[in-house]
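Please brief me on this model. Keep it short, and give the cut-offs behind each term.

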Amino acid sequence: MFGLVDCNNFYVSCERVFQPRLDGQPVVVLSNNDGCIISRSTEAKALGLQMGDPYFQVKPVLEQHQVTVLSSNYALYGDMSRRVMWYLSQVTPEVEIYSIDEAFLDLHGMERFFVQSLDTFARTLRANVLARTGIPTCVGVAPTKTLAKLANRLAKKSPAMGGVCYLDTDERRRWALEQVAVEDIWGIGRQYATKLYSMGITTAADLAGCSEALARKHLGGVVGARLVRELQGFPCQGLAPSEDGTLSRRTLCCSRTFGKPLSDFPDLLGAISAFASRAAEKLRRQGDAAHYMTVFLSKSRYGMEPPPYSCSVVLTLPVATNDTLELLRYARVALKRLWQADSRYTKAGVVLDGLEPAGQTQLTLFEAGPVSEKRIRLMAELDALNRRFGNGTVRLATSMLGRGEQRAPWEGQAQWRTPAYTTRLEDLLLVG
DNA sequence: TCTGGGGTCCTAGGACCC
DNA sequence: TCTGGGGTCCTAGGACCC
């Protein structure tokens, strides 16, 4: 059996932990730059607000219903996520952190420890996560990951289930499949949903009754075949446990839409440098070095300008590295190749790829020397300071602001940002 | 004026090799 | 004049996820 724990309206829930007066109120959290809605409280959903709605479009609705609007605060969400995941890893042997607010649990053999079945286990787990972190969750338990996702959805949709849905029998599985529309299945997006509807397949039960050949033909080959098997109750995906409670990625990206379009080289260099530094930190945090660096610049796709909206340069690094200064040097080279004086860029980013564990590169005599011990120590100290005092406390000169500037030219609005209650000393909540 | 920022996996096709 | 049948590696692009 697999369990799926999913935090309800995660970003809004994180904010509510520190502002209980928001309980029961309509609340939304906006993306970077206060661009679109990325988290909604149940009350906000009831007003018809959708995920991804641009803020400027729904502003009248927000004002009319006095919705609390918050800018996103990733330092807070990341920290709350770590607390939830840490607790889960204490009570189940294997946890796969699937995203900032979701985790799969391996529950094979766990029935033995819970006389009253995994249903009781799930309910206890849910209550404990809430008690220890303040974050409400829903739990789905089923024989496959895809069914656990589906169960979780049902638990979330019908309050009568008390936040837990356990698909332990074939009969319950069949019932569950009938409740869910095909577009709400994990792995069925807009394209596939349209295709399936045109074939008369509208529910999860319909899809579970399809042949493997049909799934293979219309749903992306083996992926589709696996999906159908999983709906039928045959596991095709195992659990990929997250070591030491963190998520390691195969590629890393740091990118932002700017607060306003930028054209000047120094402004863009400042942005790219900041992104490269940040990406380097992520890289060191997961103990890797990168072989490839992609730098991209994008223009607005909403204006008059024709495509292409984005251009990029990929650099193959002579030696895989995670050294900030070295990566900054390459980022500058890439940017020089890309930048065109008369363009108005609205977004940029740095992608690190071809990751391998740091420090395993073999060097021959005539290749560039390895990064010195000194530099490795410097990076470690940089990371330690930033971890201790908050991201961006210590930065390298190229990614710094000009004198007297509050914000870098590329940084956007975050009008309604709440404090970093849990990760910055000066933002600690004072009680008394 | 204002439209997020991350990721994953798979497939097809071309270059190249024996 | 004949013009196989495998492999591998890489890239671009599509679909999906939160």
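This is a predicted model: local features need pLDDT of at least 70, side-chain atom pairs count only at pLDDT 80 or more; totals for chains, interfaces and linings use all residues.

Residues are numbered from 1 along each chain as its sequence is written, chains are lettered from A and ligands numbered from 1 in the order in which they are written, and side-chain values use heavy atoms, with hydrogens and water left out.

**Overall fold of chain A**

- Chain A holds 14 helices and 12 strands. Helices (H or I, at least four residues) and strands (E, at least two) are DSSP runs, numbered from the N terminus.
- The C-alpha trace of chain A spans about 65 × 60 × 50 Å along its principal axes.
- In chain A, 44% of the 432 residues count as buried. Buried means under 20% relative accessible area, exposed over 50%, and partly exposed in between (1.4 Å probe, protein chains only).
- The accessible surface of chain A is about 22900 Å², and carbon and sulfur atoms hold 52% of that surface. Areas come from the Shrake-Rupley method with a 1.4 Å probe; for residues, only the protein chains shown count as cover.
- Among contacts in chain A with a separation of 6 or more, 68% join residues 24 or more positions apart. A contact means heavy atoms within 4.5 Å.

**DNA strand B**

- DNA strand B has 23 residues around it, and Ser31, Arg226, Cys253, Ser255 and Thr257 come nearest. Of the atoms of DNA strand B within 4 Å of the protein, 71% belong to sugar and phosphate. A residue is near a molecule or strand if one of its heavy atoms lies within 4 Å of it.
- The side chain of Asn32 places an N or O atom 2.9 Å from a phosphate oxygen of DNA strand B.
- For the side chain of Thr251, the distance from an N or O atom to a phosphate oxygen of DNA strand B is 3.0 Å.
- Thr257 uses a polar backbone atom, 2.6 Å from a phosphate oxygen of DNA strand B.
- Helix H11 and strand S9 (252-262) are the elements that give two or more residues to the surface near DNA strand B. S9 gives the most, with six residues.
- The surface near DNA strand B has 10 nonpolar, seven polar and six charged residues. Ala, Val, Leu, Ile, Met, Phe, Trp, Tyr, Cys and Pro count as nonpolar, Asp, Glu, Lys and Arg as charged, and the others, Gly among them, as polar.

**DNA strand C**

- DNA strand C is surrounded by 13 residues, with Asp101, Glu102, Lys149, Gly187 and Tyr192 the closest. Sugar and phosphate make up 100% of the atoms of DNA strand C within 4 Å of the protein.
- A polar side-chain atom of Ser99 is 3.1 Å from a sugar or linking oxygen of DNA strand C.
- The side chain of Glu102 has an N or O atom 3.0 Å from a sugar or linking oxygen of DNA strand C.
- Gln191 has a backbone N or O atom 3.4 Å from a phosphate oxygen of DNA strand C.
- Strand S5 (95-99) and helix H8 (190-198) each supply at least two residues of the surface near DNA strand C. H8 gives the most, with three residues.
- The surface near DNA strand C divides into five nonpolar, four polar and four charged residues.

**Helix H11**

- H11 covers residues 222-231, and Gly224, Ala225, Leu227, Val228, Glu230 and Leu231 are buried there.
- Cover for the buried residues of H11 includes helix H6 (145-157), helix H7 (170-179), helix H9 (204-208) and helix H10 (212-218).
- Gly233 follows H11 and has a positive phi, near 100°.

- Asp6 is in strand S1 (residues 2-7). Asp6 counts as buried because its relative accessibility is 7%.
- The side chains of Asp6 and Lys156 form a polar contact of 2.9 Å. A polar contact is a pair of N or O atoms within 3.5 Å; within protein, one must be able to donate a hydrogen and the other to accept it, and residues adjacent in sequence count only if both atoms are side-chain atoms.
- Leaving out residues up to four places away in sequence, Asp6 touches Asp101, Glu102, Pro136, Thr137, Cys138, Asn152 and Lys156.
- Arg174 lies in helix H7. Arg174 is partly exposed, at 45% relative accessible area.
- Arg174 and Lys260 are 86 residues apart in sequence and 52 Å apart in space, C-alpha to C-alpha.
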